[in-house]
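Reader: Hi! I am new to reading protein structures. Could we go through one together?
Author: Gladly, let us open it up.

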Amino acid sequence: MISLKTLAISPDVQLRNLGWDWMLGQDTLPYLSNETVIITPAQADAYYEAANELFEMFVAAGQHVIDENRFAELGIPENLVELIKLSWDDDRHIHLYGRFDLAGGVDGQPVKLIEFNADTATCLPETAVVQYAHLKANGLDESHQFNAVFETLTGQFEELLALNPDLQPTLLLSAMRGFPEDDANVALIGEAAREAGFEQEFDFIDSVEFSAEEGIFWQNPKNGEFEKLDFWFKLVPWETIAEEEPDLTAILTEIVRKRLAVVLNPAYTLLFQSKYMLKILWEMYPDHPLLLETDSQPLAGKACVEKVLFGREGANVRVLNADGSERQAVGGDYGHFPKIYQQYVEFAKDSAGHTYQAGVFYAGEACGLGFRRGELILDNGAGFVGHVVE
């Protein structure tokens, strides 16, 4: 059973004191809880070590996929393969950040990888700022939380500047229209970049101009002129760009090849994002204590979870019993993708029967913990619960 602690004072006032008023909109805070998950220092260390080890395993698996040309198995669109290789082979294209979703770790059960949100991970504002503000509002300090997300992200941007001295420190941040939660995540990333020394602008992706000969441009609303920016962060999935905007994919390949811009997260993060990597990892590290058995077919005689290779927020997930019968299923927009089957594992539960999945952010190293709370399948209706280390 998971242990909870109520922190009575909400983080609203503290967020204003920290200067993060923009996070108080109705689209960013409605699903926060005053309850927090109690973890021990040893449990925090275990999450930290697990995420660091898992990232190294993903890098080794990514190299294997490239060496063995297994892109098609991962569902990687063919028009992205060249850009994946270009970014993989150039150490200046660092993986900015991602989030490992993990089972166990707080309920006497071992930490197990559920998946790696490596390309367009969200929950950044809640993890980095809101739960910290909640802690401060209740008289606790940062030693009571495994949370250095903002500082570590800032360090990643400093690293980008150091690795790319030939480029200007200009960053354009983009998301798709109509997703306020994405805007909040992008705003936090922009704050970290600004702290690291970047000049940064925001525009929705449909307003950005791309040129294979000149680079990436933003139209300044003050004077109507187009300005070139040398770094582009997009909270838009790579598989969506490849499938729906093949011309843009080709242009971005040329932009990266010609050193006209650095794109974040790099195209190679789609290797990590594909849930087929869970099968590759099991091939490479069979029975590894952090992994769950995963295959492209249902696991004979074992309860398992059917996932599509590029599903998001619990969509198109089915939980299957050991006899193959369906225990629960969620529909969605990703049913056309191929599927993998991962051994079922129980999430930690509280006394009310809610399930908890740990999320550990990784930005060059493991840097912060938060929890999603929901039911058997955690979907986009799941809440966010902070934590306190005691």
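Predicted model: local features only at pLDDT ≥ 70, side-chain atom pairs only at ≥ 80, totals over all residues.

Reader: How many residues of H10 are buried?
Author: Seven of the nine residues in H10 (residues 276-284) are buried, and the helix is mostly covered. Among the buried ones are Tyr 276, Lys 279, Ile 280 and Trp 282.

Reader: Where is Arg 70 found?
Author: Look in the loop between helix H2 (41-68) and helix H3 (81-88). Beyond its neighbours within four places in sequence, Arg 70 is in contact with residues including Tyr 276, Lys 279, Ile 280 and Glu 283. The side chains of Arg 70 and Glu 283 make a polar contact (2.9 Å).

Reader: Is Arg 70 buried or exposed?
Author: Buried means under 20% relative accessible area. Arg 70 has 12%, so it is buried.

Reader: How are two packed helices described?
Author: We use the angle between their axes and the distance between the axes. Take H4 (residues 124-137) and H5 (residues 149-163): their axes come within 9 Å and cross at roughly 120°. H4 and H5 are therefore oblique to each other. Leu 124, Thr 127 and Ala 128 of H4 meet Val 149, Phe 150 and Leu 153 of H5 in this contact.

Reader: How many nonpolar, polar and charged residues does the contact of H4 with H5 have?
Author: Five are nonpolar, one is polar and none is charged.

Terms used:
Residues numbered from 1 in each chain as written. Heavy atoms only, no water. Axes fitted to C-alpha atoms, helices over the stretch in contact; angles between N-to-C directions. Helix = DSSP H or I, 4+ residues; strand = E, 2+ residues; numbered from the N terminus. Parallel < 35°, antiparallel > 145°, perpendicular 65-115°, else oblique. Contact = heavy atoms within 4.5 Å. Nonpolar A, V, L, I, M, F, W, Y, C, P; charged D, E, K, R; others polar. Buried < 20%, exposed > 50% of the residue type's maximum accessible area, 1.4 Å probe, protein only. Polar contact = N/O pair within 3.5 Å; in protein donor to acceptor, adjacent residues only side chain to side chain.
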